[in-house]
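Please open the structure in a viewer and keep the selection tool at hand.

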Amino acid sequence: MARVTTTPPDLWHHYGRARSDSDRAVPPVFSWVWAQDAGPGAEVLGDVTGLVVADLGAGVARHAAHLVARHAPARVDAVDSSAAQHARARDLYGHLAPRLRAVHADAVDHLDAHPGSYDVLCSVFGSLDFTDPRRLLPAAARALRPGGLLVASTLGHYLGGAPAETDVRHAEVPVRTPDGTAATMRRWVLQEAVWTELLDGAGFTRIGVDRLPPAALGPRSADTLLLRARR
């Protein structure tokens, strides 16, 4: 008997849909922090002129579009596993192709299929948050060229204030399936020392972790951890 396979529901189907309908512009700035309102910008990546970049968990590719429009990389691959987000990225920023390429793929699968292909990998509360780092970080190291740079922002603690995990442990966060059914997805919220150990174990060097506090406090404000490492 043939095996019957089912496609898991797109848990990002609803995320950002309203904004995508009303805001179609290429963002004028690149922000790493949780609130997207302050802090360092694309300069953290260094000069990306002529480089090949991948944004992991790119959503609708707003950060990727900013890089393509304003910083002259050779190409930015906006990688996302959500069919809905991929479609929105192509709708919003298809005019930036071929330098902006929307890629519908699981981040680990994509990285494994492209060893030694990238100069820079970035993730802004993207795949680094929602993929087991014990799988993602080794794949990222293999996909980078020697000396390549990984930069990622992730939560410094849970929304609401609970401290980040002291071990590689995920939380289940509530989401909705496309038909509105309640579901959960995994999110990794880890302390600085845990990220440092994971990056080191994956083969990265020159590892740095900065904690960026929110510009304003509120019920869903959060510190941002900015991770930087070299293959």
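The stops below concern a predicted model.

**Aromatic pairs**

The structure contains four aromatic pairs. Select Trp 12 and Phe 130, which form an edge-to-face pair, with 5.0 Å centre to centre and 85° between the planes. This pair links distant parts of the chain: Trp 12 lies in the segment before helix H1 (17-22), Phe 130 belongs to helix H5 (residues 127-130), and the two are 118 residues apart. Trp 12 is partly exposed, at a relative accessible area of 24%.

Next, select Phe 30 and Trp 32. Their rings form a tilted pair, at 4.8 Å centre to centre and with 55° between the planes. Phe 30 counts as buried because its relative accessibility is 4%, under the 20% cut-off. Trp 32, at 0% relative accessibility, also counts as buried.

**Nonpolar cores**

Which residues touch the most other members of the largest nonpolar core? Select Trp 32, Leu 45, Leu 67, Val 76, Tyr 93, Leu 100 and Val 151, which hold that place among the 36 residues of this core. Then colour the elements that each give two or more residues to this core: helix H2 (62-71), strand S2 (75-80), helix H3 (83-93), strand S4 (118-124) and strand S5 (144-155). Helix H2 gives the most, with four residues.

Definitions and conventions: Residues numbered from 1 in each chain as written. Predicted model: local features only at pLDDT ≥ 70, side-chain atom pairs only at ≥ 80, totals over all residues. Heavy atoms only, no water. Phe/Tyr/Trp six-rings, centres within 6.5 Å; stacked < 30°, edge-to-face > 60°. Buried < 20%, exposed > 50% of the residue type's maximum accessible area, 1.4 Å probe, protein only. Core = buried A, V, L, I, M, F, W, Y, C linked by side-chain atoms within 4.5 Å.
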